[in-house]
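Please keep the view open beside the text as you read.

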Amino acid sequence: LMIPALHNITVIMAQTKEDCARFIAIGSRPKDTNVQGNIKFDITIEKELITAGAHLKEKLFPNCFVWIVASTHKGEDEIFMDIYKKIKKNIPELALLIVPRHPERAQQISRLAKERQLKSVQRSLNEAYSAQTDIYIADTIGELKLLYAASDLAFVGGSMVPLGGHNILEPIAIGVPVIFGPFMTNFEEIAKNVLNTQAAMQCNDSNELLEMVQDLYESPESRKALVSQGEQFLSVNQGGLERIYEELNKCL
């Protein structure tokens, strides 16, 4: 069934060599199947966003070291809260910013915090962060890039539980040091390459994550190195969008 269907397609532009080989294996013509790269690398971040993020940090989290955990899923939030409790005494200015993948989970996250005697506030309710606040729950839509830009360190969720992970390129492009967990099957090649170039860090469990957060807090040089390697990693892998445009232009 697949071979005649695939032979009706003018061109297949795959993200990776592995994807290209799989298309050919199920029947696409090799001459019509090529690799053009991942267009997620062609992300552009406006300078205005970086400036707005810095202003937001100054307004909401003055004198804080902001650790954002983004796109979290059920089963992850408590991991970060428990780590926060353990290292807060060593990093008194630590602010934990949780951005749930599904904002409707905000009340659930608030309850988890209360169970751990942690004070949380919600962005959607315009609740102010203060020195007594432990967790800032950003349960709004469309602000993730801005919140990344207001942070000192990022963890990309969906990767501490077996869900396959989320896009780590966005915080890297914004210039935030990035950590992710062991479950990155949805971004397997990106995860492998970003680790090979030391442009981000991966933890295997909560103990390793705790150590990484502590070490990166204590080492501004390490954070700068991750950001610098991240910029280079993105630059080397960009261009897929232009290549795809050229291929489509030939067809049209």
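A salt bridge here is a side-chain nitrogen of Lys or Arg within 4 Å of a carboxyl oxygen of Asp or Glu. With that in mind, you can look for R29, K31 and D32, which are linked in a network of salt bridges. Please remember throughout that this is a predicted model.

**The chain as a whole**

The protein chain has eleven helices and nine strands. Its C-alpha atoms fill a box of roughly 65 × 35 × 35 Å, taken along the principal axes. Of its 252 residues, 49% count as buried. If we take the contacts between residues at least 6 apart in sequence, 61% of them join residues at least 24 apart.

**Charged pairs**

Side chains of opposite charge can pair when their charged atoms come close. In this model the count comes to nine salt bridges. Three of the pairs are set out below.

| Salt bridge | N to O distance |
|---|---|
| D152 and K57 | 2.7 Å |
| D82 and R116 | 2.8 Å |
| R116 and E115 | 3.8 Å |

Let us start with D152 and K57, whose salt bridge brings the closest N and O atoms to 2.7 Å. D152 sits in the loop between α6 (144-149) and β7 (153-156), while K57 belongs to helix α3, so this pair ties together parts that are 95 residues apart in sequence. Is D152 buried or exposed? Its relative accessible area is 18%, and because buried means under 20%, D152 counts as buried.

The side chains of D82 and R116 also meet in a salt bridge, at 2.8 Å from N to O. This pair again links distant parts of the chain: D82 is in helix α4 (residues 77-87), and R116 is in the loop between α5 (106-115) and β5, 34 residues apart. D82 is partly exposed, with a relative accessible area of 32%. R116, by contrast, counts as buried at 18% relative accessibility.

R116 has a further partner in E115, with the closest N and O atoms 3.8 Å apart. E115 is exposed, and its relative accessible area is 54%.

**The sheet**

Strands of a sheet pair through backbone hydrogen bonds, either parallel or antiparallel. In what order do the strands of the open sheet run? The seven strands follow the order β5-β6-β4-β3-β7-β8-β9, with parallel pairing. The edge strands are β5 (120-122) and β9 (201-202), each of which pairs on one side only.

Strand β4 (residues 94-100) is joined to strand β6 (residues 135-137) by three bridges, and the two run parallel. Within this pairing, L97 has Y136 of β6 as its bridge partner.

Four bridges join it to strand β3 (residues 65-72), running parallel, and the bridge partner of W67 in β7 is L153. Three bridges join β7 to strand β8 (residues 178-180), also in parallel. Here F155 stands opposite I179 of β8.

Which way do the side chains of β7 point? L153 and F155 point one way, A154 and V156 point the other way, and all are buried.

**A buried asparagine in a loop**

N38 has its place in the loop between β2 (33-35) and α3 (47-60). N38 is buried, with a relative accessible area of 11%. Its side chain reaches the backbone nitrogen of K40 at 2.8 Å. Leaving aside neighbours within four places in sequence, N38 is in contact with Q15 and I190.

**The cavity**

Rolling a probe the size of a water molecule over the atoms shows where empty space is left. How many cavities of 30 Å³ or more does a search of the whole structure find? The search finds one, and about 30 Å³ of space lies in the largest cavity. The residues that line the largest cavity are L6, H7, I9, I12, S28, R29 and D32.

Notes: Residues numbered from 1 in each chain as written. Predicted model: local features only at pLDDT ≥ 70, side-chain atom pairs only at ≥ 80, totals over all residues. Heavy atoms only, no water. Buried < 20%, exposed > 50% of the residue type's maximum accessible area, 1.4 Å probe, protein only. Polar contact = N/O pair within 3.5 Å; in protein donor to acceptor, adjacent residues only side chain to side chain. Contact = heavy atoms within 4.5 Å. Pairing = 2+ DSSP bridges. 1 Å grid on protein atoms, 1.4 Å probe; cavity = no way out; pocket = protein on both sides within 12 Å on 5 of 7 lines; lining within 4 Å. Points joined across faces, edges and corners; volume = space filled by probe spheres on them.
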